[in-house]
Amino acid sequence: MDFNFSEDIEVLRQNVRKFVKEEVEAVAMDIEDNNEIPEKIVEQSKEMGLFSLGIPEEYGGLGMDMVGKCAIYEELGKTHNGFTTLIGAHTGIGSVGIVELGNEQQKEKYLPKMASGEWIGSFALTEPSAGSNAANMKTTAVKKGDKYIINGSKHYITNAVDGHVFTVMAVTDPSKGSKGITSFIVEKDFPGFIVGNVEDKMGLRGSHSAELFFEDMEVPAENVLGEEGQGYINALKILANGRAGLAARNLGSSKRLLEHCLEYAAEREQFGNPIIDLQAIQHMLAEISKEIAALEALTYKVAWMSDQKQRVVKDAAIAKLYGSEVYNKVADLAVQIHGGIGYMRDYPIERYFRDARITKIYEGTSEIQKNIISNELKREIKK
């Protein structure tokens with residue numbers, strides 16, 4: 001396994017690190033207060049190519065492999081997680097379906113505008129009665145002539161407000177269960193597409209999640225993504241593809257928290273000495289460092305396996321599960337090390353603590369990851 005980055009990726013990584021430190025961090029509290037990412041930051045991100053990471057070069061993207069994407073996701077994880085989510089949801093589950101499953105006509109139509117950031121991508125699977133149990137989906141798609149008529153709703157959809165292109169799952173044959181689900185490429189301007197209430201979340205400020213409603217929404221038959229009836233399988237592929245990326249984002253956030261902890265522990269004095277001299281603090285820092293080292297090795301191993309076209313269903317689930325556990329543990333220890341300041345909203349530790357919690361839920365809960373891992377273990381036994 002070779003985790004050395006190419007010169008192009010290393011240059012971009014350094015540029016992203018500088019951008020994150022000098023530009024995004026400067027407005028992090030504004031994002032918290034206004035629940036909005038400044039347009040200047042979004043435009044700078046477009047100019048840097050951050051919306052195009054995994055989109056092939058022939059469609060205007062950077063064409064990065066998974067190891068390269070993880071290198072950038074790690075840097076993005078070191079700043080405001082709402083901003084990171086806008087980018088990550090677009091370059092991950094928001095666009096990977098079209099990249100991996102789209103036909104040439106679909107790729108030519110959508111990917112160039114998604115690569116430039118003109119069109120933001122989103123992934124619409126979750127419903128009030130179909131979260132972890134996606135097979136219980138109620139949104140329906142009925143074919144009429146050269147169109148499908150979609151009715152139903154989705155909720156907790158990331159990039160719902162900012163998005164233009166949505167990968168939407170709907171039931172085309174109710175008699176077939178999960179094998180009767182089809183995926184569609186949906187544009188926000190399609191008749192019958194409605195954005196509902198914007199959710200007021202615990203964290204990820206600036207990243208907008210909302211309900212979507214489809215009222216006799218007309219979708220051209222040519223916008224079926226993949227084959228009819230393969231939507232559930234498509235969803236699993238799309239979600240699995242992004243799990244190493246989520247682990248990388250969690251890795252970046254954990255590394256940034258360690259930096260904050262080291263800086264604070266070296267400066268803060270108690271009993272006449274910096275608290276970094278206290279064994280209790282040293283043990284917490286050592287625990288954080290240990291978890292980060294393990295997560296880093298796992299993340300890039302899975303990314304490399306994905307680039308080698310190996311089966312990564314189990315390993316990606318482990319990375320997503322472990323990455324969320326590490327981030328939450330590190331955030332908790334960071335609050336403890338910082339004491340009262342760590343609990344105050346004026347300091348970034350409190351923000352990371354809130355933002356960490358969703359990582360155990362979105363894009364497949366921790367419990368679902370354990371189900372995937374155990375199912376893969378059973379499959380391996382039967383070989």
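**Exercise 1. Work out how far apart the ends of residues 122–217 lie and what secondary structure the span holds.**

Step one: the end C-alpha atoms of residues 122–217 are 17 Å apart. Step two: this span is 51% strand and 0% helix, with helices (H or I, at least four residues) and strands (E, at least two) taken as DSSP runs numbered from the N terminus. Step three: UniProt, in an unreviewed entry, puts "domain: Acyl-CoA oxidase/dehydrogenase middle" here; such annotations may be inferred rather than shown by experiment.

A quick word on the model: it is predicted, local features need pLDDT of at least 70, side-chain atom pairs count only at pLDDT 80 or more, and totals for chains, interfaces and linings use all residues. Residues are numbered from 1 along each chain as its sequence is written, and side-chain values use heavy atoms, leaving out hydrogens and water.

**Exercise 2. Describe how helix 1 and helix 3 pack.**

Start with the axes (lines fitted to C-alpha atoms over the stretch in contact, with angles from 0 to 180 degrees between N-to-C directions). Those of helix 1 (residues 7–24) and helix 3 (residues 39–48) come within 12 Å and cross at roughly 175°. So helix 1 is roughly antiparallel to helix 3, a label for angles over 145 degrees. Next, the contacts (heavy atoms within 4.5 Å): helix 1 brings residues including Leu12, Val16 and Phe19, and helix 3 brings residues including Ile41, Gln44 and Met48. By class, that contact has 6 nonpolar, 3 polar and 2 charged residues.

**Exercise 3. Say which residues lie nearest the centre of the largest cavity.**

A cavity is a set of points on a 1 Å grid over the protein atoms alone where a 1.4 Å probe fits but cannot get out, and lining residues have an atom within 4 Å of a point. Of the 13 lining residues, Asn81, Arg249, Asn250, Tyr327 and Tyr362 are nearest the centre. Helix 5 (81–91) and helix 8 (231–267) each supply at least two lining residues.

How values were computed:
Angles under 35 degrees count as roughly parallel, over 145 as roughly antiparallel, 65 to 115 as roughly perpendicular and the rest as oblique. Ala, Val, Leu, Ile, Met, Phe, Trp, Tyr, Cys and Pro count as nonpolar, Asp, Glu, Lys and Arg as charged, and the others, Gly among them, as polar. On a 1 Å grid over the protein atoms alone, a cavity is a set of points where a 1.4 Å probe fits but cannot get out, and a pocket is an open set with protein on both sides within 12 Å along at least five of seven lines; lining residues have an atom within 4 Å of a point.
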